Each structure stands twice: as C-alpha cells, then as structure tokens.
Amino acid sequence: MIVPSALSGIRLDRALAELLPETGLRHRRRLCEEGRVTVNARRAKPSLKLMEGMEVRVSEDSCEPARPEDLGVYVLGAEDGFAAVYKPEGVHSAVIDGRTNCSVEAMLPALFPEYAPVLLNRLDNPTSGILLVALNAGAAQRYQHIEDRGGIRKEYLAEVSGSVVAPVTIRRALDVADRRVVRVLDEDSSDPLRQTAVEPIRHEASSASTLVCCRIAKGARHQIRVHLASIGHPILGDTLYAGPEAERLHLHHYRLEIGQAVFQAPCPFAEEDSAQP
C-alpha cells in the first residue's frame with residue numbers, strides 16, 4: 001500500500017485496516033511486533049505515524065533477515081558456563097511452536113557456534129534487556145537449582161505512571177490461566193520468590209512518571225507489569241494493563257546476578273548515570 005493523503009498522520013496499526021480489513025487492532029499490532037510489517041522497507045512499530053507516499057508492506061512469513069546484528073541482538077558477556085544476550089524490544093525471546101518467527105533462541109547457534117546453548121529465561125516481546133543462556137547442559141541444570149533456591153537476582157528498570165514516593169514490596173498472588181491477561185488475586189502468594197520489590201529512582205515531573213527499579217527472584221508471566229498496575233502505577237506503553245500510550249513499553253531487564261556472575265545491559269530509555277538503583 002502507498003499511503004494516501006487520507007491516512008497521513010494515522011498510526012500504522014490503525015491504518016493497516018485498509019490492507020487487512022478483517023483483522024482486529026490487536027492482531028495488526030502483533031504483526032508489527034513480529035517484524036512482518038515494513039514501512040519504506042524498514043521494520044516499523046505499531047505507533048509509527050504514517051506520511052503520504054510511504055510504502056507499507058505486510059509479509060506472510062516471518063521477518064527477514066534473521067541475523068543477530070540486523071535485529072540488534074548481541075552477546076553482553078559470558079562467565080561460569082553462562083552467557084547474557086541483549087534482546088531489543090520487538091524481538092521474540094523464544095521460538096514459537098509451528099512458526100518460524102524471528103527469535104533470540106533461533107539465533108543462539110549463530111551467536112555461540114562452539115557450544116550447545118540453551119535459553120534459560122524469556123522476556124515479553126516489547127520488553128528489552130538480558131536473556132540468560134546456558135552454554136552446556138551442566139550450566140542449565142545449575143540454573144534450575146539456583147533459581148529454585150532463590151539464588152538469582154533480577155533487576156528491571158521501569159518507567160511508571162504517577163509518583164512513587166517510597167519503596168514497596170508487592171506480594172499479591174497471580175492468576176496466569178488466561179494466556180493473554182494476568183490477574184492479580186486478593187491474597188498474597190505463599191511463594192516468597194514471586195514477590196516484586198519496587199524502589200523509586202527518579203520522578204519526572206514533565207511526564208508525571210517515575211523511574212523505578214523492580215527486583216524479582218523467580219518471576220511469573222507479566223509479573224512486574226501486572227504488579228505495578230495493581231498499585232496504581234502502570235508502566236508507560238503498557239496499554240494491556242491500563243498504562244498510558246508511549247513509543248514503547250518502558251520495561252527493561254537491566255541487571256542479573258547468578259552465583260559469581262553478574263551481567264548488565266544498557267537501558268534504552270534511561271541514562272546510565274541516572275538509572276542506578
């Protein structure tokens with residue numbers, strides 16, 4: 001589709017209704033997040049504002065090319081049988097059964113050709129940051145043992161709506177039965193590894209938001225996102241959990257400690273010197 005004047009200034013995910021009239025907004029956003037939509041031959045975010053004359057294409061297959069360097073995937077470091085890989089927002093963590101989607105997991109053999117790498121954790125598609133990889137079977141087994149003992153420390157940076165004035169620990173149990181939306185239950189979780197500790201770092205008066213550090217040990221799906229929303233501070237860009245619109249989800253896996261190994265990934269939406277918890 002060549003963008004007509006009538007669609008100039010319209011978000012890409014909404015304008016795609018012209019090409020895909022039988023699809024819903026959620027599906028069109030997912031196509032963008034999977035890299036199957038390009039604007040002027042470049043991958044485009046759902047929120048991109050179109051201009052007259054732009055060329056929009058939707059591919060039937062998964063995104064191409066799938067080389068790590070083309071998608072901004074790279075190795076952060078390796079230590080003690082583990083390696084950390086940087087995952088940008090908009091790239092899948094794991095291979096999806098029955099599909100040939102672009103994912104970090106599919107790129108592991110290219111990143112570590114001398115090993116038999118195993119992906120150990122996942123991040124939501126719109127979340128950026130650290131993915132941990134075992135470089136051998138022994139490291140994969142150690143990871144599971146260390147995680148079950150609470151020996152892993154994960155730190156995320158999130159920019160949330162409103163002013164967070166003091167540290168808080170969120171202990172509410174989660175209902176993850178729905179594959180799309182996680183619900184917060186009324187009772188606390190009996191598992192101390194499922195808590196989310198939140199510490200404010202910096203308040204931004206101009207955007208009425210607060211940069212916070214979230215610490216977890218063994219997270220559940222969407223744990224940080226739904227826990228923050230449950231206390232009235234949804235993440236910027238997290239419209240699934242009532243967060244305000246933004247150019248991306250402002251959630252980033254910033255730091256991971258496992259044993260003596262420590263990995264850290266630069267945050268794309270917070271300056272390094274001001275993002276220290």
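This is a short chat about a few spots in a predicted model.

Trainee: What should I know before I start?
Mentor: The model is predicted, so local features need pLDDT of at least 70 and side-chain atom pairs count only at pLDDT 80 or more, while totals for chains, interfaces and linings use all residues. Residues are numbered from 1 along each chain as its sequence is written, and side-chain values use heavy atoms, leaving out hydrogens and water.

Trainee: Okay, how do β4 and β5 pair?
Mentor: They run antiparallel over 5 bridges; strands are DSSP runs of E, at least two residues, numbered from the N terminus, and two of them pair if DSSP finds at least two bridges between them.

Trainee: What's in the turn?
Mentor: The hairpin has 2 residues between β4 and β5, and Asp-80 in the turn has a positive phi of about 55°. Ala-78 stands opposite Ala-83 in β5.

Trainee: How many aromatic pairs are there?
Mentor: The count is 1 aromatic pair, with ring centres of Phe, Tyr or Trp (its six-membered ring) within 6.5 Å; planes under 30 degrees apart are stacked, over 60 edge-to-face, the rest tilted. Tyr-74 and Tyr-86 are stacked, 5.1 Å centre to centre with 20° between the planes. Tyr-74 lies in β4 and Tyr-86 in β5, so the pair ties together parts 12 residues apart in sequence.

Trainee: Is Tyr-86 buried or exposed?
Mentor: Tyr-86 is buried, because its relative accessibility is 9%; buried means under 20% relative accessible area, exposed over 50%, partly exposed in between (1.4 Å probe, protein chains only). Tyr-74, at 36%, is partly exposed.

Terms used
Helices (H or I, at least four residues) and strands (E, at least two) are DSSP runs, numbered from the N terminus.
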